[in-house]
Every structure is written in structure tokens, then in C-alpha cells.
Amino acid sequence: MPDLTLSFQNPRILDDVSFHPCIRFRRWESERILSFVPPDGNFRLMSYHITAQNVVALPIYVKPSFSFKEGQSGRVELTVGPKQTMGQVVEDVVVEVTMPKCVQSVSMHLVGGGGAGSHTYDPVSKVLRWEVGKIQLHKPVATLSGSASIQTGAAAPDSNPTATVQFNLPSVAVSGLKVNRLDLYGEKYKPFKGVKYMTRAGKYQIRA
């Protein structure tokens with residue numbers, strides 16, 4: 001049965017760590033080393049936050065702009081571009097905005113960025129969804145711009161909606177956590193060992 005130990009170059013950045021039950025917690029407390037016998041199949045070994053001193057540089061920026069006036073059509077503009085991508089292509093970028101209840105419909109068009117992606121609007125859920133796709137460092141920024149039709153007699157919303165962003169950044173861990181080594185015991189064969197980093201956006205929201 002394989003018995004593994006995993007160590008990090010910079011475990012001090014980890015905060016609020018939760019482990020899979022297979023982890024020997026005392027070993028982590030004393031040495032900051034993960035010691036465990038892996039269960040069958042795919043599993044999440046640990047979850048963590050990083051300490052407040054370690055500022056995460058987000059790989060993209062999103063600039064939302066909204067303008068709503070009572071009894072008139074509103075203006076909507078979303079701009080997306082690369083920021084700190086570590087030289088990698090940001091993939092599967094999606095921007096979603098839930099419009100105020102007073103918005104009946106939106107009419108949008110793409111500007112720049114090679115006509116990046118596609119967009120849809122669901123009048124029932126009021127969600128504007130922009131599937132941007134890939135964002136590359138030296139490519140033009142992409143902008144989605146247009147108008148929003150407001151219900152007759154409806155008051156302008158008190159606040160602007162929030163934009164929610166999804167993305168994947170392969171080969172990079174923006175948290176800065178780095179694996180030092182992985183050792184295998186209890187087996188006679190020599191396994192292939194490798195580390196694959198991937199950053200996936202969680203709850204990433206932008207307020208206008």
C-alpha cells in the first residue's frame with residue numbers, strides 16, 4: 001500500500017487549512033508535512049486560504065459600466081483584458097451580470113478583441129452572459145457594449161448590478177503555493193511524479 005509524504009516550499013502562507021481524513025494531522029502540526037495513504041479514486045487532499053500578507057495578483061481585469069435613467073433606456077458596457085497572466089493564456093473566461101428587475105431586454109454588440117466570444121440574455125432570469133473564451137497577453141482587450149430597455153414607468157435602480165467572472169489559468173497557482181517534493185514509500189515500483197498547477201476562479205465579483 002503506497003504511503004506518501006508531500007512538502008511545500010512555503011507552507012507558512014497557508015491559513016484556515018482543512019484536510020481529507022487520510023491526512024495524519026500530528027505530522028502536519030509538528031513538521032508542516034502532509035503524510036497520508038491515498039484513498040482510491042480522485043479526492044481533494046486539502047483546502048486552504050492564504051494569509052492576508054500575501055496579496056494575490058488576479059490574471060485579468062473587468063471594467064463594468066452601467067447607466068440607468070428613469071423612463072429611458074440604459075447603457076451597459078463590459079471590458080475584459082489581461083493583467084497578471086504569468087505569460088499564460090487565460091481560458092474559459094465567462095462574465096455574467098444579473099440585470100435589475102426593471103430591465104426588459106438588452107441589445108449588445110462586441111467591440112475589439114477580435115470579436116471575442118458570444119453573448120446571450122435571458123429575459124426570465126435577467127442574466128446577461130458573455131462567453132469571452134481565451135484572453136492572451138498581447139491581444140486587444142474585448143468590450144461588450146449596448147443598451148438596456150427599461151419598463152415603462154419603472155424607477156431607475158438604486159444600485160448598479162454586480163459582474164461575476166469565471167476563468168481558468170493553467171500552469172499557474174496565483175496563491176504562490178509551491179510543492180517542494182513528493183516521496184513514496186511502501187511500494188517496489190518507481191512511479192512517475194509530477195505537479196500540475198491550475199488556477200480556477202471561485203467567487204470573483206466586480207462592483208461598478
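What is the mean pLDDT of the protein chain, and what share of its residues reach 70 or more? This is a predicted model, so confidence comes first. The mean is 89, and 96% of residues reach 70 or more. Confidence is highest in β3, at a mean of 97, and lowest in β15, at 85. Where pLDDT is low, the predicted coordinates should not be read in detail.

The largest nonpolar core holds 36 residues, and M99 and L128 touch the most other members. Several strands give two or more residues to this core: β5 (60-67), β6 (74-82), β7 (90-98), β8 (103-111), β10 (127-135), β11 (142-150), β12 (162-170) and β15 (204-207). M99 shows how these pieces meet in sequence terms. Beyond its neighbours within four places in sequence, M99 contacts F66, F68, V76, V106, Y121, K126 and L128. Another core lies apart from the largest one. This other core has 14 residues, including L6, I23, W28 and M46.

Now turn to S35. This serine sits in strand β3, which spans residues 33-36. Is S35 buried or exposed? S35 counts as buried because its relative accessibility is 4%, under the 20% cut-off. Its side chain has a polar partner: the side chain of R24, at 2.6 Å.

Next comes the largest pocket. Its volume is about 1600 Å³. The lining is made of 37 residues, and those nearest the centre are M46, Y48, L177, K196 and M198. Strands β1 (3-8), β4 (46-50), β13 (179-185) and β14 (198-200) each give two or more residues to the lining. Which element gives the largest share of the lining? That is β4, with five residues.

S175 is found in the loop between β12 and β13. S175 is buried, because its relative accessible area is 15%. The side chain of S175 makes a polar contact with the side chain of Y48, at 3.0 Å. A polar atom of the S175 side chain also lies 3.4 Å from the backbone nitrogen of L177. Setting aside residues up to four places away in sequence, S175 touches I13, Y48, I50 and V56.

Technical notes
Residues numbered from 1 in each chain as written. Predicted model: local features only at pLDDT ≥ 70, side-chain atom pairs only at ≥ 80, totals over all residues. Heavy atoms only, no water. Core = buried A, V, L, I, M, F, W, Y, C linked by side-chain atoms within 4.5 Å. Buried < 20%, exposed > 50% of the residue type's maximum accessible area, 1.4 Å probe, protein only. Helix = DSSP H or I, 4+ residues; strand = E, 2+ residues; numbered from the N terminus. Contact = heavy atoms within 4.5 Å. Polar contact = N/O pair within 3.5 Å; in protein donor to acceptor, adjacent residues only side chain to side chain. pLDDT = per-residue confidence, 0-100. 1 Å grid on protein atoms, 1.4 Å probe; cavity = no way out; pocket = protein on both sides within 12 Å on 5 of 7 lines; lining within 4 Å. Points joined across faces, edges and corners; volume = space filled by probe spheres on them.
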